[in-house]
Amino acid sequence: MKTKEDMQELYFPTPKLIEWENGVRQYSTVRGDTEVLMSYVPPHTNVEPHQHKEVQIGMVISGELMMTVGDVTRKMTALESAYIAPPHVPHGARNDTDQEVIAIDIKRLKADETYTSPEDYFLNIFKTRDLLPGMEVTFFVEDWVEIMLAKIPGNGGEMPFHKHRNEQIGICIGGGYDMTVEGCTVEMKFGTAYFCEPREDHGAINRSEKESKSINIFFPPRYNRAKAKKIKADE
């Protein structure tokens, strides 16, 4: 029988620090076939082009980064776009500024998934709307993945408990809130990640006075399935 500690490590894995020679620090959390990396890129630092068998999704949380995927280079500012580097496609980055950049990178490889991307590898905002009263969300969508930026209002704002057929990963990027997965509750702080498999019950509540922010990733898309189907049909 799994202990409370086992359950917490399953749904809210302890981050492991990775330090690179160029000064980049990454905090890695893993469940199954997916790794979440919270990356800190020092000022005036290059991340040399590299490639691997996993697909990689990324988004800047704070600061500004010059991101190159394949032969396309684009300036990424906080929460305005995302990139997809398909398996074995070279990608690298450059922080030309005087400020540290914080970014989230997600690496994934599952045998039954096909990893598509836009022709230029970058996703723009697809839609912004209220998911629930007072809860604004912003979506980025590709046919196999959906990224949702969510704002949970303070003083008891919540995402009611629910479950669905989609795998879901979430990372706190501002403020804090209590996240529960299958009865296991953790106080989410900046950089905390949770992993939720299909049909696992989960919900969140923000007990603080301030608004909290999170990035939520769905495999496959949950809220914009029609958009994902259109992308697939156009290929």
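Author: Let's start with the naming: helices (H or I, at least four residues) and strands (E, at least two) are DSSP runs, numbered from the N terminus. Pro 220, for instance, sits in the loop between S21 and helix H2 (225–234). This is a predicted model, where local features need pLDDT of at least 70 and side-chain atom pairs count only at pLDDT 80 or more, while totals for chains, interfaces and linings use all residues. Residues are numbered from 1 along each chain as its sequence is written, and side-chain values use heavy atoms, with hydrogens and water left out.

Reader: Into which domains is the chain divided?

Author: Domain bounds come from an automatic or database domain assignment. Here there are two entries: domain 1 (14–122) and domain 2 (125–227). Their C-alpha centres lie 21 Å apart. Taking contact as heavy atoms within 4.5 Å, 27 residues of domain 1 meet 22 residues of domain 2.

Reader: And cavities? How many does the structure hold of 30 Å³ or more?

Author: The general idea is that rolling a probe the size of a water molecule over the atoms shows where empty space is left. On a 1 Å grid over the protein atoms alone, a cavity is a set of points where a 1.4 Å probe fits but cannot get out, and lining residues have an atom within 4 Å of a point. Points are joined across faces, edges and corners, and a volume is the space filled by probe spheres set on them. In this model, 2 cavities reach 30 Å³ or more.

Reader: Which residues lie nearest the centre of the largest cavity?

Author: Of its 20 lining residues, those are Met 159, Gln 168, Tyr 194, Ala 204 and Asn 216. Elements giving two or more residues to this lining include strand S13 (135–142), strand S14 (145–152), strand S15 (157–162) and strand S21 (212–219). The lining divides into 13 nonpolar, 6 polar and 1 charged residues, where Ala, Val, Leu, Ile, Met, Phe, Trp, Tyr, Cys and Pro count as nonpolar, Asp, Glu, Lys and Arg as charged, and the others, Gly among them, as polar.

Reader: Is Gly 58 buried or exposed?

Author: Buried means under 20% relative accessible area, exposed over 50%, partly exposed in between (1.4 Å probe, protein chains only). Gly 58, in strand S5, is buried because its relative accessible area is 3%. Leaving aside neighbours within four places in sequence, Gly 58 contacts Met 76, Ser 81, Ala 82, Tyr 83, Ile 104 and Asp 105. Its C-alpha is 6.3 Å from that of Ile 106, 48 residues away along the chain. Ser 62, also placed in strand S5, is partly exposed at 27%.

Reader: How many residues does the largest nonpolar core have?

Author: Such a core is a set of buried Ala, Val, Leu, Ile, Met, Phe, Trp, Tyr and Cys residues joined through side-chain atoms within 4.5 Å. The largest has 27 residues, with Ile 104, Trp 144, Ile 147, Ile 171, Ile 215 and Ile 217 having the most contacts inside it. S5 gives the largest share of this core, 4 residues, and each domain contributes at least three. A second, separate core of 22 residues includes Ile 152, Met 159, Cys 172 and Cys 196.

Terms used:
On a 1 Å grid over the protein atoms alone, a cavity is a set of points where a 1.4 Å probe fits but cannot get out, and a pocket is an open set with protein on both sides within 12 Å along at least five of seven lines; lining residues have an atom within 4 Å of a point.
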